[in-house]
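Welcome! Have a look at the sequence and the 3D structure below, and then we can walk through a few of the contacts together.

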Amino acid sequence: MKNYLRHPGSLLMMLLVLIGTVLTFTVLLFLIVYILVHGVPYIRPSLFVFTYTSDNASLMPALINTISMTLLSLIIAVPLGIFAAIFLVEYAKRGNKFMGVIRLTTETLSGIPSIVYGLFGLLFFVNTLGWGFSLLAGAFTLAIMILPLIMRTTEEALKAVPDSFREGSFGLGAGKLRTVFRIVLPSAVPGILAGVILAVGRIVGETAALIYTAGTVANIPDSVMGSGRTLAVHMYNLASEGLYMDQAYATAVILLLLVVGINTLSGVIAKRLAKA
């Protein structure tokens, strides 16, 4: 404490950091408590019926569609993002102008509003390709949205792997490809999963892009070419109608639990992979 008193600037910065930390946790705690208080009392068995009607306002079709949309989007975006990051870090020459163009493009994509992605998905996937309002159109649109995030986090995770790992592998006679996929990539898995967790959060909470691509049908589609709403879109529709506010709060609770569950599971997987 004496050091802080000797340097008032350091004391001020410490106080600002503490205030910011307390405010962040306070806001987060308030949001969680508010959602739970308004939503938990209205969680009823009728919300988990597999068929949606105007009487039960079931969220089960939207929950299944959310899980399907998340898996489809990750299947499309994660391999592309990881391979692109591997190319940028391990194979491309440093200072290459082409790398600068790629990074500028990814940064630009990450800053585009989701409504613009939705309009693009509507014009290209829904109309031009003729997929119509479908889970597949929504998944491809979301994959484009989360691709810059996965690329960036994977790139940083690969850069964090010490060069001594690569040098040791080369010294033992391993080639470039084996070194990347057997040494470097497994060491970067925890950082990659952190990016995937952030991507999942964006997928689960997205509404604008999916309204224009996946549609708002409150049923479980027979295939990926069918239309269906996710939990976020379902909650938006219930709240906008003004007749199902209690069910909307209950849906918010389930959405919150889903995100926490996915994040917890991803964290456990990351720890196990790191120990392995």
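The notes below cover aromatic rings, charges over rings, and helix packing. Please keep in mind that this is a predicted model. Two packed helices are described by the angle between their axes and the distance between the axes.

**Aromatic rings**

- The structure contains 8 aromatic pairs.
- One of them joins Phe 120 and Phe 125, an edge-to-face pair with 5.9 Å from centre to centre and 85° between the planes.
- Are these two rings buried or exposed? Phe 125 is buried, at 5% relative accessible area, while Phe 120 is partly exposed, at 38%.
- Another pair is formed by Trp 131 and Phe 140, whose ring centres are 5.2 Å apart. Their planes meet at 55°, so this pair counts as tilted.
- Trp 131 is partly exposed, with a relative accessibility of 22%, and Phe 140 is partly exposed too, with 28%.
- Which residues do ring pairs link into a cluster? They are Phe 120, Phe 124, Phe 125, Trp 131 and Phe 140.

**Charges over rings**

- Lys 176 sits over the face of Tyr 91, 5.7 Å from the ring centre.
- Arg 229 sits over the face of Tyr 52, 5.6 Å from the ring centre.

**Helices H5 and H6**

- Helix H5 spans residues 114–128 and helix H6 spans residues 135–160. They pack at an angle of about 135°, and their axes are 9 Å apart.
- That angle makes H5 oblique to H6, and their crossing is right-handed.
- On the H5 side, the residues that meet H6 are Ser 114, Tyr 117, Gly 118, Phe 120, Gly 121, Phe 125 and Val 126.
- On the H6 side, the partners are Ala 137, Phe 140, Thr 141, Ile 144 and Met 145.

**Helices H3 and H8**

- Helix H3 (residues 60–91) and helix H8 (residues 176–187) have axes that come within 12 Å and cross at roughly 115°.
- H3 and H8 are therefore roughly perpendicular to each other, and this crossing is right-handed.
- H3 makes the contact through Ile 82, Phe 83, Ile 86, Glu 90 and Tyr 91.
- H8 makes the contact through Lys 176, Leu 177, Val 180, Phe 181, Val 184 and Leu 185.
- Tyr 91 and Lys 176 both belong to this contact, and Lys 176 lies over the face of the Tyr 91 ring.

Definitions and conventions
Residues are numbered from 1 along each chain as its sequence is written. This is a predicted model: local features need pLDDT of at least 70, side-chain atom pairs count only at pLDDT 80 or more; totals for chains, interfaces and linings use all residues. Side-chain values use heavy atoms; hydrogens and water are left out. Rings of Phe, Tyr and Trp (its six-membered ring) pair if their centres lie within 6.5 Å; planes under 30 degrees apart count as stacked, over 60 as edge-to-face and the rest as tilted. Buried means under 20% relative accessible area, exposed over 50%, partly exposed in between (1.4 Å probe, protein chains only). A charge sits over a ring if NZ of Lys or CZ of Arg is within 6 Å of the ring centre and within 35 degrees of the ring normal. Axes are lines fitted to C-alpha atoms, for helices over the stretch in contact, and angles run from 0 to 180 degrees between N-to-C directions. Helices (H or I, at least four residues) and strands (E, at least two) are DSSP runs, numbered from the N terminus. Angles under 35 degrees count as roughly parallel, over 145 as roughly antiparallel, 65 to 115 as roughly perpendicular and the rest as oblique. A crossing is left-handed if the near helix is turned anticlockwise from the far one by less than a right angle, and right-handed if clockwise. Contact means heavy atoms within 4.5 Å.
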